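Hello,

Here is the structure I said I would pass on. My notes on it follow below.

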Amino acid sequence: MESLSLEGRIALVTGAGSGMGAAHAAILAERGAHVIVQDVEKDSRAERSVAHIRAAGGRAEAMQADVSDAPRLSAQIADAIGRHGVIDILVNNAGISGLQMPFLEINEAFFDRMFAVHVKGAFFTSQAVIPAMRARGYGKIINIASNFAMHGGSGMAHYTSAKGALLGLTKALAKEFGPDGVRINAVAPGLVRTPMTERLGDEGFETFAGNVPLRRLARPRDVAETVAFLAAPASDMITGQTVAPSGGDPIVGI
């Protein structure tokens, strides 16, 4: 379907070496985009994700940097824009786990790291891509938030606060750059079984699923389908919104 095609688009997905990020990168490549797979520099996850995309017939390249290192990542993004002309789609996915950490045990160092990855990373990565989008009069930014930012989460105040900040950033940028043709939205999944959340174990996942109206947790592909829709021309009239592929958790009023 042409309205869902990403053929000819250049996409950057942060934290795309594994988990949800790898799923986002894979589906964008399936839809025709050339995907820049960003992940941290200390391992080879980005290269592995690129290899999987290429093996499936897609186009991809790796970018290794820490999203909280704004000068280094911005320099790499500038190089990518120089080679490709523009980055049409940015998915701010990079994140770290904040599950099951009582508020009174959260120290300043971990608080700072949580905001550096989730908020600072998305803020300055967006700042690096928007000028070229603005000049072209078109672009898509999708911030991966969390439904915990909408209903709170016990034992994860720092994570919930950071994801809530992403929702605010989404609305602010959508208003500022909407007149330039840049659409900015957020995706707020519930708990998704990925390497980052695996330590919850089967019992923990079953408990969470039991509170979801659809009685199952989203898979990475479920979330990626939402990201791909927001990246595509089919969603061109949507900006400043938060979409929650979470099986009905939360539903306003329940």
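This is a predicted model: local features need pLDDT of at least 70, side-chain atom pairs count only at pLDDT 80 or more; totals for chains, interfaces and linings use all residues.

The space in the largest cavity is about 40 Å³. Its lining is made up of Thr14, Val67, Asn92, Asn93, Ala94, Val117, His118, Gly121, Ala122 and Thr125. By type, four of these lining residues are nonpolar, six are polar and none is charged. Helix H4 (residues 108–136) contributes the most to the lining, with five residues.

Next, the sheet. Seven strands form an open sheet with parallel pairing, in the order E3-E2-E1-E4-E5-E6-E7. Strand E3 (59–64) and strand E7 (242–243) are at the edges and have a single partner strand each, so one side of each has no neighbour in the sheet. E7 pairs with strand E6 (residues 182–187) in the parallel sense over two bridges. Thr242 in E7 stands opposite Ala186.

Last, the cores. The largest nonpolar core has 31 residues, and those with the most contacts inside it are Leu28, Val35, Val37, Ile89, Val91 and Ile142. The elements that give two or more residues to this core include strand E1 (10–13), helix H1 (19–30), strand E4 (89–92) and helix H8 (220–231). Apart from this core lies another, of 28 residues, with Ile77, Val117, Ala122 and Ile141 among them.

Leaving aside neighbours within four places in sequence, Val91 has contacts that include Leu12, His24, Leu28, Ile142 and Val227.

Regards

Key:
Residues are numbered from 1 along each chain as its sequence is written. Side-chain values use heavy atoms; hydrogens and water are left out. A nonpolar core is a set of buried Ala, Val, Leu, Ile, Met, Phe, Trp, Tyr and Cys residues joined through side-chain atoms within 4.5 Å. Buried means under 20% relative accessible area, exposed over 50%, partly exposed in between (1.4 Å probe, protein chains only). Helices (H or I, at least four residues) and strands (E, at least two) are DSSP runs, numbered from the N terminus. Contact means heavy atoms within 4.5 Å. On a 1 Å grid over the protein atoms alone, a cavity is a set of points where a 1.4 Å probe fits but cannot get out, and a pocket is an open set with protein on both sides within 12 Å along at least five of seven lines; lining residues have an atom within 4 Å of a point. Grid points are joined across faces, edges and corners, and a volume is the space filled by probe spheres set on the points. Ala, Val, Leu, Ile, Met, Phe, Trp, Tyr, Cys and Pro count as nonpolar, Asp, Glu, Lys and Arg as charged, and the others, Gly among them, as polar. Two strands pair if DSSP finds at least two bridges between them.
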